[in-house]
Amino acid sequence: MEEKTFLGKTKHFLMFAGPAMVGFIAVVIIPFIYGLYLTFTDWGGIGNHKNLVGFANYITVFQDGAFWKSLLLTLGYVIVSVIMINIVAFILAYLLTSGMKAQNFLRAGFFTPNLIGGIVLGFIWEFVFTRTLPVIGQTLGIPLFEKSWLSDPTTAFWAFVIVTVWQYSGYMMLIYVAGFVGVPKDLTEAASIDGCTGFQVTRYVTIPLMVPSFVICLFLSVTRTFMVYDLNLSLTNGGPYESTKMAAMYVYQMAFNSQRYGVGQAEAIILFVVVAAIALTQTYLGKRMEVDA
Amino acid sequence: MSKSVIGGTKARVGHIVKLVVLFILLIAYMFPFFMVLINSFKRKVSIVRNPLSLIDTQGFYFDNYPEAFESMRFPLSFMNSFLITVISMIIIVLFAAMAAYVFVRTKYLASRISFGMMLAAMIIPFQALMIPLVSIYGNTLNLLNNRATLIFLNFGFGMGLAVFMYHGAIKSGVPISLEEAALLDGCNKYQTFFRVVFPLLKTMTSTLVVLDVLWLWNDYLMPSLILTKRDLFTLPLSTYRFYGTYTSDLGLIMAALVMTVTPVIILYLFLQRHIIAGVVSGAVKS
């Protein structure tokens, strides 16, 4: 099947991988390298005139307190959301693998938010938080809901977390369901016969065997929540008073609103390095905890 | 005997409690959708006065729909979304399968380097590429406001995951003896691929179609940077624009949101099993 000559090899390779490589190189590799170059320039977004400025952009970034504040805020949002997403998803998956008749219907229902983009989900919830919940709060006299959650910095943060958990828990639930289904029945039965309670079976047999599912879900939820933009834009637009402006939105505005593309790209690279480091460390640690059945 | 009966009753009660809890939770999950749906059939005054009432004080009010349909130019945005999603998806799936095939079946240096680069690049988020992409395709090449540009960017950006997943599927699911037989029977390399290999990748293809269609149909950030002319807007773009323009016209907005969501929900009703299977196998394999 392999060609022997260099010309034959090249032709064979290009015949099959040519289009893929053109797209991949033009859209990922070149922009990535060019992006690194941009961080050393003062490009203002208009025309092609740029001056090399050395590490000036990186120095600006390190002195830009607002960026670090937004990165810290994002980190808090990611930690809270990821923990809640995975707890909710795991419990849903646990309940939905116990063999009830309606379980396929229920799984499909909890997954529904994932069919819809962040922009539309954000608008739907904006209506719920600003129009619906205050009416419920005033009618039933619940002070917590009387004011729109999106008008106060603290409640806006939690509103954002709630919508994120609502959105992704159904997705992660499906992965945990696959994990539960993949645990061999004879092992859990053997543990029950040996006198384990239901909780002990879950804790000492099922959960250790589901480490791969946890690794996948944590990786997916960390990378997605870290890079959140659409939902941020349509639900809170960073407000009130920039209290929910996450890192991705900060980078976007630095580049496209303030026209400081070099600084924006330097921040995008830093964001990328932080996310990649967290996601890969987490995956590496998780892989070491895997056990064989 | 009596013990097992008691155990049976207990288990049944537990089962019913579980079911009730889950259904209450599902209703809570669906509450936002339900709110938007009922309020899309009301006049603005009724929405503001009581968003919880099931129907308008003057009965069902349908006028929001035709008005929103017209002002957000729904058919045009729908067609833009449809074309961009379908064409991007087809070229991603086709060319990724071909590339993965040559990566698996040859030991060429180019194959190994290319596959390694694609794997490594999968961790790069779109946000790290958006500024240089706008600079290259906008300022240097002047290709913004063109559906083909967006399709090409989707194509390049979607390649990594698709090649990675086909790579695994070919390695584990396509017996090399079949290809050798086809070559002996006089098929050339393309015929072998399209008649023997590609049909065997059906399951992976449907997984990728699901993942890519959900991503492409709902994508906002990349299209918003490439397409700024209203005639080219996809559904998420025109929804966003519409929301900004009619902020206070709640009834219209509710109708617009319902119309944006409906196509995907209809698809979900018919292809639910495939969509869920696709999402699960996509996540587990990557």
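**Figure 1. Confidence along chain A of the predicted model.** In this predicted model, helix α3 (residues 65-95) of chain A has the highest mean pLDDT among the elements of chain A, at 95. Helix α6 (residues 143-146) of chain A has the lowest, at 84. Chain A as a whole averages a pLDDT of 90. A score of at least 70 is reached by 99% of its residues.

**Figure 2. The face of chain A that touches chain B.** Contacts join 73 residues of chain A to 73 residues of chain B. Eight helices of chain A each give two or more residues to this side: α1 (6-38), α4 (103-111), α5 (118-140), α7 (153-182), α10 (211-226), α11 (230-235), α12 (247-257) and α13 (261-288). The greatest share comes from α1(A), with 20 residues. By class, the chain A side holds 55 nonpolar, 13 polar and five charged residues.

**Figure 3. Helix α1 of chain A against helix α7 of chain B.** The partner of α1(A) in this view is helix α7 (residues 147-173) of chain B. Their axes come within 8 Å and cross at roughly 110 degrees. An angle of 65 to 115 degrees counts as roughly perpendicular, so α1(A) is roughly perpendicular to α7(B). From α1(A), the contact draws on A:A20, A:G23, A:F24, A:A26, A:V27 and A:V28. From α7(B) come B:F152, B:L153, B:F155, B:G156, B:F157, B:M159 and B:V163. Eleven of the contact residues are nonpolar and two are polar. No charged residue takes part.

**Figure 4. Helix α5 of chain A alongside helix α12 of chain B.** Here α5(A) packs with helix α12 (residues 235-245) of chain B at an angle of about 30 degrees. The axes are 9 Å apart. Angles under 35 degrees count as roughly parallel, and the two helices are therefore roughly parallel to each other. Their crossing is left-handed. On the α5(A) side, A:I119, A:V120 and A:F123 make the contact. The set comprises six nonpolar residues, one polar residue and no charged residue.

**Figure 5. Helices α12 and α13 within chain A.** The axes of α12(A) and α13(A) lie 7 Å apart, with a packing angle of about 160 degrees. An angle over 145 degrees counts as roughly antiparallel, so α12(A) is roughly antiparallel to α13(A). The crossing of α12(A) with α13(A) is left-handed. A:A247, A:V251, A:M254 and A:A255 represent α12(A) in the contact. Facing them from α13(A) are A:Y261, A:V263, A:G264, A:Q265, A:E267, A:A268 and A:L271. This contact has eight nonpolar residues, two polar residues and one charged residue.

Figure 6. An unreviewed UniProt entry places the feature "transmembrane region" at residues 20-41, 82-104, 116-138, 150-169, 196-217 and 250-271 of chain B. Residues 20-41 of chain B are 91% helix and 0% strand, and the end C-alpha atoms are 30 Å apart. Residues 116-138 of chain B are 65% helix and 0% strand, with end C-alpha atoms 29 Å apart. The unreviewed UniProt entry also gives the annotation "domain: ABC transmembrane type-1", covering residues 78-271 of chain B.

Terms used: Residues are numbered from 1 along each chain as its sequence is written. Chains are lettered from A and ligands numbered from 1 in the order in which they are written. This is a predicted model: local features need pLDDT of at least 70, side-chain atom pairs count only at pLDDT 80 or more; totals for chains, interfaces and linings use all residues. UniProt positions are given in the numbering used here, feature names are shortened, and annotations may be inferred rather than shown by experiment. Helices (H or I, at least four residues) and strands (E, at least two) are DSSP runs, numbered from the N terminus. Two residues are in contact if their C-beta atoms, placed from the backbone, lie within 7 Å. Ala, Val, Leu, Ile, Met, Phe, Trp, Tyr, Cys and Pro count as nonpolar, Asp, Glu, Lys and Arg as charged, and the others, Gly among them, as polar. Axes are lines fitted to C-alpha atoms, for helices over the stretch in contact, and angles run from 0 to 180 degrees between N-to-C directions. A crossing is left-handed if the near helix is turned anticlockwise from the far one by less than a right angle, and right-handed if clockwise. pLDDT is the predictor's confidence in each residue, from 0 to 100.
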